[in-house]
Amino acid sequence: MFLVTGATGGLGRRIVRLLRERDQSVRAFVRLTSRYGELEHRGASIFIGDLREERDIHKACQGVRYVISAHGSGSDPQKLDYRANIDLIDQAKAAGAEHFVFISVLGADRGYEDAPTFKAKREVERYLQNSGLRYTILRPSGFASNLLPLAERFRQSGIYLLLGDPSSRTSIISTDDLARMAVESVIQEQAYNQAIAVGGPEILLRSEIPKIFGRVFGRDPIVINPPMPLFDGLRGVLGLVNPSQQRNLGTLRTLVTNEFFCTPEERARQEAIFGFEPESLEQFLRRYMSI
């Protein structure tokens, strides 16, 4: 039995789908207010609960052999990215689980002090590594599925909002390929007790992404690249009325002002472990946009 948290999210939904295609039993941890009909239709067992409640995590872990933590932090990295994962690790170990797969983020080990999500994920990584559980930590450089809403807006308007330095590099991973890696981590011995950087097959400048959109949709992109001082000013104003949101925007600022890409050596290691080359961002977009 696999337990998948974040099962209705972009990554979690793909993990559940892949597990069911392989006839694996899956318990999908979902919120009551989420849309989980597809998961139920695919044969997943639905567990309705709250990751901020340890008793729900305790119940969800009973009889589970593998845990894949694929949930995000929303607006509360302390409770969801940190506390919920610590409780998941403890309860999985107490329940006798064999393997814990944690979806972290590339750069979690760089010490970004202004990014609550990065800090939370790094502390979870450390806790997991010292827990005694067999684990795999995947550090993706960015989900291709996060670009789908931007792609749809671009299809309609031709406008691409580019935050940060256009010359910064990235290596966005196909979310379907990341789901495959998460699932196969429990059977690939080379992935056992490893933290693995995960990225797509190409290192892209951020300025190349709207050009890819342009090729996919056959139109010239209109790129809007607002200056970071404007972002910082808006963040400062927000901090006057909502300090927690100001802190969370520190994570976004970290993402758009730093480079997140896998080196050729890291990509070679990833492919040696999992045995396949991920699809490119353009291939992913063409497939999902039916082009």
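This is a predicted model: local features need pLDDT of at least 70, side-chain atom pairs count only at pLDDT 80 or more; totals for chains, interfaces and linings use all residues.
## Charged pairs across the chain

Let's start with the charges. Side chains of opposite charge can pair when their charged atoms come close. In this model the count comes to 22 salt bridges.

One of them joins the side chains of R22 and E184, with 2.9 Å from N to O. This pair links distant parts of the chain, 162 residues apart: R22 sits in the loop between α1 (10-21) and β2 (26-30), and E184 belongs to helix α7 (residues 175-184). R22 is partly exposed at 34% relative accessible area, whereas E184 is buried at 8%.

## Two further bridges

Now look for E259 and R169, whose side chains meet in a salt bridge at 2.8 Å, N to O. E259 is in the loop between α10 (243-257) and α11, while R169 is in strand β8 (residues 169-170), 90 residues apart. Relative accessibility is 26% for E259, which counts as partly exposed, and R169 is also partly exposed, at 34%.

R215 and E282 form another salt bridge, with their closest N and O atoms 2.7 Å apart. R215 lies in helix α8 (residues 208-217) and E282 in helix α12, so this bridge ties together parts 67 residues apart in sequence. R215 is partly exposed at 47%, but E282 is buried at 18%.

## A network of charges

Salt bridges can also be found joined up here: R13, R17, E38 and R42 are linked in a network of them.

## A buried serine

Finally, find S280 in the loop between α11 (264-274) and α12 (281-288). S280 counts as buried because its relative accessibility is 13%, under the 20% cut-off. Leaving aside residues up to four places away in sequence, S280 touches P201 and E202.

Definitions and conventions
Residues are numbered from 1 along each chain as its sequence is written. Side-chain values use heavy atoms; hydrogens and water are left out. Helices (H or I, at least four residues) and strands (E, at least two) are DSSP runs, numbered from the N terminus. Buried means under 20% relative accessible area, exposed over 50%, partly exposed in between (1.4 Å probe, protein chains only). Contact means heavy atoms within 4.5 Å. A salt bridge is a side-chain nitrogen of Lys or Arg within 4 Å of a carboxyl oxygen of Asp or Glu.
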